[in-house]
Amino acid sequence: MAVNLSKNGPALTAAYNEVVDEKSNTNWALFTYEGNTDDIRLAAKGDGGLEEMIEDLSSGKVMYAFCRVQDPNSGLPKCVLVNWTGEGVKDSRKGVCANHVSTMAKFLKGAHITINARADEDVEPEVIMDKVAKASGANYSFHKETSNRFRDTGPQGPVGSVYQKTNAVSEIKKTNKDSFWAQAEKDEEKRRQEDQLRANEQRQLLENERKDREAKEATLREKRDKERAQQIDQQKKYQQQLDTASKEQEKKRYEEQEQTEATQRKAMRRGESVEKANEAASLISQRAPNPREMFKQRERGITPSDSDVPSAEPASPQPEPEVGDGQSRYEEQEEEQQEEEEEPQEPLKAAPVAVNSFVQEEAFKEPAQEENTVCEVTAEETSERGICAKALYDYQAADDTEISFDPDDIITGIEMIDEGWWRGYGPDAHFGMFPANYVELM
């Protein structure tokens, strides 16, 4: 995979610019990988030169060092790039990181010399400065050159030997350095563990705070819901009380109105009956003595004259009879009239004619009195059964709370509980509801 320079790009670029800038005190920067990923990060930087940079190299990592040094020949600043691969790096990791060298060289551009190092001997300050001096062309002198082409220089040294002289100081320094870096790795690991522990504690603290806050919010929300439910229940109870009081007032007012109307109807019927009885008595007192003859003449088409009818004194005014007494009196007079008709007719006298005329007139008025009496009984029965209505259409009950009826059936004991629905007793004496627009009040 390719190396990733974009994740920590600003920090990498800033460190590189500080090393390149001659006015900056920073003269070296060290770059490495974040763990086993391909992301490059800034490991360290400083102004102590090669000696300080070499101390930060780790034997267990792949690192890239970029340092600014002074050319010993010309005194000009030179940049050195060190590709460091520690001895403790795994071979697989070495193979992967080897592909990143060219990319890092392009990023850390301007390096006058590149050194691939694997051991501490490869990055000794003397070795690096020697390579810088050799890479510089400032020590070149045409006049000092001598031709050694044909000069005998004596015996040459051994060729092809790989022997290296053991340097005790270097070995001691390498051991100390390895132990130092191992200790640094342990300290770094400990620091990471402490950071992770602090992060976990902080996260747990935030989680506890969140749970406490949610619990408080839930408690407050439940409290508000209960208060709202109580308010709603109180409102419902108050509304029910108002509805009950209103219904009771309406029912009381309706009962009083019904009683008033019933009293007025009874008084009106009684007044009509008394008025009709007085009118009948007045007519009878003013009639001719022989109404039967007049009725027969009317049937024959003969109009009697006043001269043919003998005059009779007007009967004295009769007292105002009650409806029930008048009816029984009319029946007795009718029976007497039938008995007189069965007997042989005799010459009519003045007094009997007046009696017969009274009987005949009352007999003619009797059907009207009977009709009034029947009507009065029906009204009293209606008042005893409550409000009554006659069915206009047929209706079939949907359940046990309703009643069924056919057209012209009578529904009694009606309670007007609603504008569209009433309750009452049906033809089968079952009490239930029915639509109000299906009936007509009587």
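Biologist: Where does Asp408 lie?

Modeller: Asp408 is in the loop between S6 and S7. Bear in mind that this is a predicted model.

Biologist: Is Asp408 buried or exposed?

Modeller: Asp408 is exposed. Its relative accessible area is 56%, and the cut-off for exposed is over 50%.

Biologist: What about the phi of Asp408?

Modeller: Phi of Asp408 is near 75°. That is a positive value in a residue other than glycine.

Biologist: Where is Ala429 found?

Modeller: In the loop between strand S8 (421-425) and S9. Ala429 is exposed, with a relative accessible area of 59%.

Biologist: Back to the S6 to S7 loop. What does Asp409 touch?

Modeller: Asp409 also lies in the loop between S6 and S7. Not counting residues up to four places away in sequence, Asp409 touches Ala389, Lys390, Ala391 and Pro427.

Biologist: How far is Asp409 from Asp394?

Modeller: Their C-alpha atoms are separated by 8.9 Å. Along the chain, Asp409 and Asp394 are 15 residues apart.

Biologist: How accessible is Asp409?

Modeller: Asp409 is partly exposed, at 21% relative accessible area. Buried would need a value under 20%.

Biologist: New topic. How many aromatic pairs are there?

Modeller: A search of the whole structure finds 10. Take Tyr33 and Tyr64 as one of them: their ring centres are 6.1 Å apart. The planes of Tyr33 and Tyr64 are at 65°, so the pair is edge-to-face.

Biologist: Which strands hold Tyr33 and Tyr64?

Modeller: Tyr33 is in strand S1 (residues 28-33), and Tyr64 is in strand S3 (residues 62-70). The pair links distant parts of the chain, 31 residues apart. Both Tyr33 and Tyr64 are buried.

Biologist: What about Tyr395 and Tyr438, how are those rings set?

Modeller: Their centres are 5.5 Å apart. The planes of Tyr395 and Tyr438 are at 75°, so this pair is edge-to-face. Tyr395 is in the loop between strand S6 (389-391) and strand S7 (410-415). Tyr438 is in the loop between strand S9 (431-435) and strand S10 (439-441). The two are 43 residues apart.

Biologist: Tyr395, buried or exposed?

Modeller: Tyr395 is buried, with a relative accessible area of 14%. Tyr438 counts as partly exposed, at 29%.

Biologist: Which residues do ring pairs link into a cluster?

Modeller: Tyr393, Tyr395, Phe405, Trp421, Trp422, Phe434 and Tyr438.

Biologist: Back to Tyr33. What sits over its ring?

Modeller: The charged end of Arg93. The distance from the centre of the Tyr33 ring is 4.7 Å.

Biologist: Let's talk pockets. How much space lies in the second largest pocket?

Modeller: About 700 Å³. The second largest pocket is lined by 25 residues. Tyr33, Arg41, Gly60, Lys61 and Glu185 lie nearest its centre.

Biologist: Which element gives the most to that lining?

Modeller: H6, with five residues. The elements that give two or more residues are S1, strand S2 (40-46), S3, helix H3 (91-98) and helix H6 (168-286).

Biologist: How do the lining residues of the second largest pocket divide?

Modeller: Into nine nonpolar, seven polar and nine charged.

Biologist: Val62 next. What is Val62 in contact with?

Modeller: Leaving aside neighbours within four places in sequence, Val62 is in contact with Thr32, Tyr33, Trp84, Thr85, Val89 and Cys97. Val62 is found in strand S3. It counts as buried, at 8% relative accessibility.

Biologist: Last one. How many helices and strands in the protein?

Modeller: Nine helices and 10 strands. Of the 442 residues, 24% count as buried.

Key. Residues numbered from 1 in each chain as written. Predicted model: local features only at pLDDT ≥ 70, side-chain atom pairs only at ≥ 80, totals over all residues. Heavy atoms only, no water. Phe/Tyr/Trp six-rings, centres within 6.5 Å; stacked < 30°, edge-to-face > 60°. Helix = DSSP H or I, 4+ residues; strand = E, 2+ residues; numbered from the N terminus. Buried < 20%, exposed > 50% of the residue type's maximum accessible area, 1.4 Å probe, protein only. Lys NZ or Arg CZ within 6 Å of the ring centre and 35° of its normal. 1 Å grid on protein atoms, 1.4 Å probe; cavity = no way out; pocket = protein on both sides within 12 Å on 5 of 7 lines; lining within 4 Å. Points joined across faces, edges and corners; volume = space filled by probe spheres on them. Nonpolar A, V, L, I, M, F, W, Y, C, P; charged D, E, K, R; others polar. Contact = heavy atoms within 4.5 Å.
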